[in-house]
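User: Please look closely at how the parts meet and describe the surroundings of the contact in one connected account. Give the cut-offs behind any terms you use.

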Amino acid sequence: MNIQLTPTGLNPFDDPLDRILAEIALSIQLPPSLHDKAKSRYEAVRRHLETTTAFFDQIEHFYPQGSMAIDATISTRGTDDEYDLDIVSQLGGRFRGMAPLEILTELEAALADYPVQRVLRQTRCVTLFYADKMHLDVTPSLRVYATLDRESLITHAKGPRRSADDRFVDMNAYGFVQWYASRTPLELRMAKEFHRRWLDHAGLAARADADVDDVPDQCDFIVKNTATLALQLLKRFRNIRYSSYTGRIPPSVMLSYYAGLAAQPNMSLSAMLVRLASWIIRDIEQASLYRRLLHVANPICETDVFTDRWPESIAQQDEFAGHLRELIRSLEVMRKGEMCPDTMMDTLRRSFGERVVTRAANQIATEIGGGIQQSRQLYTRRGGLLLPSATAVAAPIVNPAVSVARPHTFFGRKI
Amino acid sequence: MTAAILSIDEQVAAMRAAWPQFSARRIDRRAQSARWVGSVRPQYASYSLEIRYEVGSLPEVRVLSPDLVRLPGNSEGQLPHVYPPAEDPTLCLFDPREREWTAAMTIASTTVPWALDWLACYELWVMTGRWTGGGRHAGQDIGEARVTT
């Protein structure tokens, strides 16, 4: 009889390399305080718009898109504590027949007195800048009828005057989110542990205990799948590698598409990151071989092209593939245990940023050192030291290859 | 009642059972001594360890490879919790005053796991500059021991 078990995912905190990668991901997450604010803020923006004459009764849907919708939000490029969140505002009949710039200008006017630090009209959206460094992009859209759910046209207009380049761009962010979610189902073991630590890191230990059994399938902003964790790390890697770059960079939505493709149950985090990066490299190499630009479209809306603004040249895509190859090479050496810890720290810092890597290592040092002082560690027969997580503590009962620690005190000299 | 001192054959048998990747070399039954070499990977990197033991003395543990990283100027010294000489340090894994190790204990159940602890703490010390595994350096009061730095 074949029994299909639901994949629960691997706990990234049970493997040393995955643990430091997961700690890095924790450091770049939207923290719980801002997570709660983000939800209430986008609801408040909708309520505000609906009180204005222009938008009263004209908002058909108001929904998160991009990283916010797939739980992959990380700090903005060049920062460790700023977050960009994206909302689509699907508009009603009054806006049909308007030019893209008119719609954007109306939205800007309706939000002009919104209580934030700054309101800025951009090419495709209006951005609200909050004092705590959160940025909320509100993108107006018009539904394309007789197509898949929520396929829409979004506005593209640089302004301040109309231009021949102004246009509507086809997209289906909502459909992409459904596609991504179907590819990256909840991995309960991984999600619970990550969620608990996410709350714990923010000093919400009590809430962490209360919420840990309560990671629902539809829980917004909570990383639910190892592929999404790998996606966050890859986005962070890109942000660091392109931190001083002024042009366009590999778009997040394209990376999300590859994370959806690469997703596979019960893979370790480091293996998933290698798999994701390899997948992108393969497609870039194939495109470059035929002197073509990488072309990635929304899998459920082929006219929604994720690579419409990047890459602009074959050299650009080859450069990104080079960065990814370097990432894979270093991860493979780490996975084999062939990299000394000082070199590993330097490599991780170059890949993910000085501050977050230092913080991750400090967190692990405190936990492991504390565990050893309390003799909570376990050993595998192959000479591995297991960390004092809940899973590991239960291990000797089921795994005779694991032995328990005996108290001792490091002694010796300082040489 | 004092527990019986274990012979070198008993130590070798215990090592073989618990840590098969450690091969015993130079077993000298007359001198009651042995040398083991094996590869371990407590956390991030793999290490080749050597353990030398002669009944009646303390086990000696060395890291054969890779070379241990030194952190000059670190508050724990350039390499903490070892015995000199600096160019050939041996790991100091227990406090003799606490009687944490006796010849009635197996190396397999004490020295090897403690060396894994040392390596895990050493790696995190190299990564952060903090020795978080506690312990006491010679000359330091017992009251200061086990303090996380």
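Analyst: **The contact between the chains**

In chain A, 36 residues are in contact with 53 residues of chain B (contact: C-beta atoms, placed from the backbone, within 7 Å). Three helices of chain A each supply at least two residues of the side that touches chain B: helix 1 (16-28), helix 11 (341-352) and helix 12 (354-373). Helices (H or I, at least four residues) and strands (E, at least two) are DSSP runs numbered from the N terminus. Helix 12 of chain A gives the most to this side, with ten residues. By class, the side of chain A that touches chain B holds 19 nonpolar, twelve polar and five charged residues. Here Ala, Val, Leu, Ile, Met, Phe, Trp, Tyr, Cys and Pro count as nonpolar, Asp, Glu, Lys and Arg as charged, and the others, Gly among them, as polar.

The model is predicted: local features need pLDDT of at least 70, side-chain atom pairs count only at pLDDT 80 or more, and totals for chains, interfaces and linings use all residues. Residues are numbered from 1 along each chain as its sequence is written, while chains are lettered from A and ligands numbered from 1 in the order in which they are written.

**Helices 11 and 12 of chain A**

Two of the helices on that side also pack on each other. The axes of helix 11 of chain A and helix 12 of chain A come within 7 Å and cross at roughly 135 degrees. Axes are lines fitted to C-alpha atoms, for helices over the stretch in contact, and angles run from 0 to 180 degrees between N-to-C directions. The two helices are therefore oblique to each other (under 35 degrees is roughly parallel, over 145 roughly antiparallel, 65 to 115 roughly perpendicular, the rest oblique). Helix 11 of chain A passes helix 12 of chain A in a right-handed crossing; a crossing is left-handed if the near helix is turned anticlockwise from the far one by less than a right angle, and right-handed if clockwise. Met345(A), Leu348(A), Arg349(A) and Phe352(A) of helix 11 meet Glu354(A), Val356(A), Val357(A) and Ala361(A) of helix 12. These residues divide into six nonpolar, no polar and two charged.

**Domains of chain A**

An automatic or database domain assignment sets the bounds used here. For chain A they are domain 1 (12-28 + 185-357), domain 2 (32-180) and domain 3 (376-415). The centres of domain 1 and domain 2 of chain A, taken over C-alpha atoms, are 25 Å apart. Their contact takes 31 residues from domain 1 and 24 residues from domain 2.

Helix 8 of chain A and helix 9 of chain A have axes that come within 9 Å and cross at roughly 115 degrees. Their crossing is right-handed. Among the residues that make the contact are Tyr258(A) and Leu261(A) of helix 8 and Leu276(A) and Trp279(A) of helix 9. The contact residues divide into eight nonpolar, no polar and one charged.

Helix 9 (residues 269-289) of chain A also packs on helix 10 (residues 314-335) of chain A, with axes within 9 Å and a crossing of roughly 150 degrees. That makes helix 9 of chain A roughly antiparallel to helix 10 of chain A. This crossing is left-handed.

**The sheet of chain B**

On the chain B side, four strands form an open sheet in the order 1-2-3-4, with antiparallel pairing (strands pair if DSSP finds at least two bridges between them). Strand 1 (23-28) and strand 4 (60-65) of chain B are the edge strands, each pairing on one side only. The twist averages 20 degrees from one strand to the next. Helix 1 (residues 8-18) of chain B packs on the sheet and touches strand 1, strand 2 and strand 3 (47-54) of chain B, its direction making about 15 degrees with that of strand 2. Strand 1 and strand 2 (residues 33-40) of chain B pair over four bridges, and Ser23(B) stands opposite Val37(B). Helix 2 (residues 111-128) of chain B lies across strand 2, strand 3 and strand 4 of chain B, at about 140 degrees to strand 3.

Definitions and conventions
Two residues are in contact if their C-beta atoms, placed from the backbone, lie within 7 Å.
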